[in-house]
Each structure stands twice: as C-alpha cells, then as structure tokens.
Amino acid sequence: MRSKIMKLTGLVAVSTVLALGASACGSDDKSGGGGGGDTVTIGFMGDLTGENSGIVIPPKQAAQLAIDEYNATNPKVKITLKTYDSQGKGEQAVPLAKQAITKDKIAGMIGPAFSGESAQVDPVLEEGKLPSISASATNAALATHGWKYWHRLIANDNVQGAGIGGFIATQLKAKKVFIIHDASEYGKPFAETVKSTVEKAGATTSEDAIDVQGSDYSSTVNKAKAFSPDAIFFGGYYAQAGKLIKQLREGGVKARFLSGDGSLDKGLAAGAGGTTADGSIIGCPCLIDPSGTAGAASKKFADAYKAKFGADTAIYSAEGYDAATAFIAAVKAGNTTPEKINTFLSTINIPGVSKQIKFSAAGEPTATDVYVYQVKGDQLPLLGNSKTATVK
C-alpha cells in the first residue's frame, strides 16, 4: 500500500508500537510497562482519520482483537494498545515516531501503514533500534536499505505488480494498456512494474500521472480515450481511484479498470458513484476471507472479528492480526525490550491467519501470493489467485 500506504501506504499504509512504562526505566511500580513489569503497551500508527483510513482501520481493529484475546488468557505480562494517528502523512508520522521512541519508550512497532510515510519514518525507527512490522506498506525499495529492525507481512509491489500485470496479459489478454499513477512512493513504482510486466508479454502501453491534490482528471481521461486501451491500470489509492473511474466513464472510456491494494476498499465504489465501478479488478497480496473458507484459523478469526466489531474482515485485517501475533509471541517468550524482540522476530516461524509468519533476512515475508477481487456494488468478492483466476 496500502504510500499502501499506501496503500497501502500501504501499503501503503498502520503501525503498532510496543511501549515500556515506568518499570522499564527502573521503577518499582509493577503496573507499568515491560522490562520486568507486568504490562507492555502496543501502539498502532497509521491513517485512522484521513481520506484513506478505510484501509487502515481494519488492521488496527484486528490488532486490538489479537491483544484482547491474549490478555483474556491472564498472561504474566499483559499488553495494551496505544494508537498514533499519522493520517498517512510523513510530516505527522515522523514526530509521532520520535515521541514513541523517546517519550513513550516503545519496544516495537507495527507499521507504518503506508509506503510514503514508511520511507520517512523507518530511518527514525532504525536509528532508534526499534523493531517494526508493517501490515500494509508494499513499496519494494523499503527492503533495500539494509535495515535490521524493519519487517513487513505483505508481499512488495514488485511481486504485486508482476502478479497483476500477469493477470492483465494472460487472463484478460489485453494488448493495449493505459497506465496511470499518483506519483507517490507507492503508486509510481507499482505502476511501472505493471507496465514492464505487460510490455514483456507483448502489450503496447501509454502512461500518465494525476495530481492527488486536484479533482479534475480530464487531461488523463482525454489521453486514455485517445489511446483506446483494452485495460487501464491505476497505481494509487481508492479515494482518487473512485473519482478517476467516474470521470473515465463520463468521458466515454469503457476499458476494464484495474488497481492494486491501495484501492481495495468499498470507498472506491462510493467515489465512483452507484455501480459505475462494477467489473473493476483490484489486486492485493492479501487474502480477505470473511467467510473463513481458507481454513480453520481463518474461520475462527473471521467469526471473532465480526462478533467484536460487527463487520466482516477487510483489507489488511488478517495481516494486522498477524503482526500483533508476532509481537505477542515475542512477549510470551519473555522478550520485552527492543533488542530481544528484534532477535526473536529474526527467527519467528509460526502459523498466522494470513500466511506463515516468517521473515527473510531483509525483513520480507516468505509468502508471496497475489489475489484478485472484482468490484460488484459495494462488495469486493474474491476471484482467486492472480495466476489462475478468471473474470466473471
């Protein structure tokens, strides 16, 4: 993501923070934080009130669910949740991260949620030697800096872009593909990967960028119409994707619209208006399984999530749950300081809801499947794995 984010900022894109309280600083008060006390605080940083909060709230809620379930077992060291609302903006996320490290004395972080804010915040976390896990930031470059404390539970945009690009070329058999992006840390490289993938498969492409601060995309619409594509791919978030679909259709462009995880939200259909977005294809290296068909663990999670929040599981909810689960596993094993938690994460290999929780030496997840979803009204039913799914 979901700057994914996005995405996903994010893919995109949400961070949970383990904070140590007074006892970690040498206090005898056993009701404080970790490091010898009986409570560790987990914070969550991401866009919780901004225009793309729809893809950050589900993982935040899922992290809360995991923590509540853990605390219900009456463990020796309990965990509490503290949220940090960055609104997906680096200029807000950086001071929050510094506060979390220096004032709140955190011991770990899930996030940030979006790739753009991650690019600015992760160096701060690395300098502070703070282990982090993002449930949604998908920018591929995040894994190239040699960071020792950084991890994510979602496949990167190179993997996602290749999966969606392959779907466009092989399943849709598109010969002309118009590529659009939002010039963000998430959207642009993601779109370039899709472009490269379809070109290697023999498709002809044309490309344009939109201004996320603007609302009139007529220039891009006119370029798309002149190109007369079979498919259009947009690298960006649902807030802009919905407006883009609406204006494309109003401009007479009928080509199949596709996007990535940053657009995997009901807000896309709402922004497009009515059923205008119907038939659009959204890819994601995340498995959204509200019916629990993927297995017993997925079913248990889906049922518990709906019982607690009155809603079906959504984008990154499973990844948010698994990110919290990784930190919970570290605490259960007696690790409450950043260094010990980071060491634990380097060898973790346990079953999760979304995938096996295991990281490469670069902090990448070892699971790399990409799934595609098709917009139908305000629903996003799963079509299947991008390598085998067919359009309905």
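Pro 112 sits in the loop that links strand 4 (106–110) to helix 3. In this predicted model, the peptide bond between Gly 111 and Pro 112 is cis, with omega at about 0°.

The axes of helix 2 (residues 90–102) and helix 3 (residues 115–127) come within 9 Å and cross at roughly 20°. Angles under 35 degrees count as roughly parallel, and helix 2 and helix 3 are therefore roughly parallel to each other. Their crossing is right-handed. On the side of helix 2, the contact is made by Gly 90, Glu 91, Ala 93, Val 94, Ala 97, Lys 98 and Ile 101. Helix 3 contributes Glu 117, Gln 120, Val 121, Val 124 and Leu 125. Sorted by class, the residues of this contact comprise seven nonpolar, two polar and three charged ones.

Tyr 84 belongs to strand 3 and has a relative accessible area of 3%. Because buried means under 20% relative accessible area, Tyr 84 is buried. Between Tyr 84 and Leu 96 there are 6.8 Å in space, C-alpha to C-alpha, for a separation of 12 residues in sequence. Gln 87 is placed in the loop between strand 3 (78–85) and helix 2. Its phi is near 55°, a positive value in a residue other than glycine. With a relative accessibility of 27%, Gln 87 counts as partly exposed.

A positive phi is also found at Ser 228, again near 55° and in a residue other than glycine. Ser 228 is part of the loop between helix 6 (218–227) and strand 9 (231–235). The relative accessible area of Ser 228 is 46%, so this residue is partly exposed.

Asp 208 is a member of strand 8 (residues 204–209), and its relative accessibility of 13% makes it count as buried. Leaving aside residues up to four places away in sequence, Asp 208 touches Phe 178, Ile 179, Ile 180 and His 181, together with Ser 219, Thr 220 and Lys 223. Of these partners, Ser 219, Thr 220 and Lys 223 fall within the span of helix 6 (218–227).

Asn 335, by contrast, is a loop residue, located between helix 10 (317–332) and helix 11 (338–345). Asn 335 has a relative accessibility of 13% and therefore counts as buried. Its contacts, with residues up to four places away in sequence left out, are with Ala 330, Lys 340, Ile 341 and Phe 344. Ala 330 falls within helix 10 (317–332), whereas Lys 340, Ile 341 and Phe 344 fall within helix 11 (338–345).

These local features can be set against the chain as a whole. Its secondary structure comes to 11 helices and 15 strands. The radius of gyration is 20 Å, close to the 21 Å that the globule rule gives for 392 residues, so the chain is as compact as a globular protein of that length. Along the principal axes, the C-alpha atoms fill a box of roughly 70 × 40 × 35 Å. Of the 392 residues, 58% count as buried, with Tyr 84, Asp 208 and Asn 335 among them.

Technical notes
Residues numbered from 1 in each chain as written. Predicted model: local features only at pLDDT ≥ 70, side-chain atom pairs only at ≥ 80, totals over all residues. Heavy atoms only, no water. Axes fitted to C-alpha atoms, helices over the stretch in contact; angles between N-to-C directions. Helix = DSSP H or I, 4+ residues; strand = E, 2+ residues; numbered from the N terminus. Parallel < 35°, antiparallel > 145°, perpendicular 65-115°, else oblique. Left-handed = near helix turned anticlockwise from the far one by under 90°. Contact = heavy atoms within 4.5 Å. Nonpolar A, V, L, I, M, F, W, Y, C, P; charged D, E, K, R; others polar. Rg over C-alpha atoms; globule rule 2.2 N^0.38 Å. Buried < 20%, exposed > 50% of the residue type's maximum accessible area, 1.4 Å probe, protein only.
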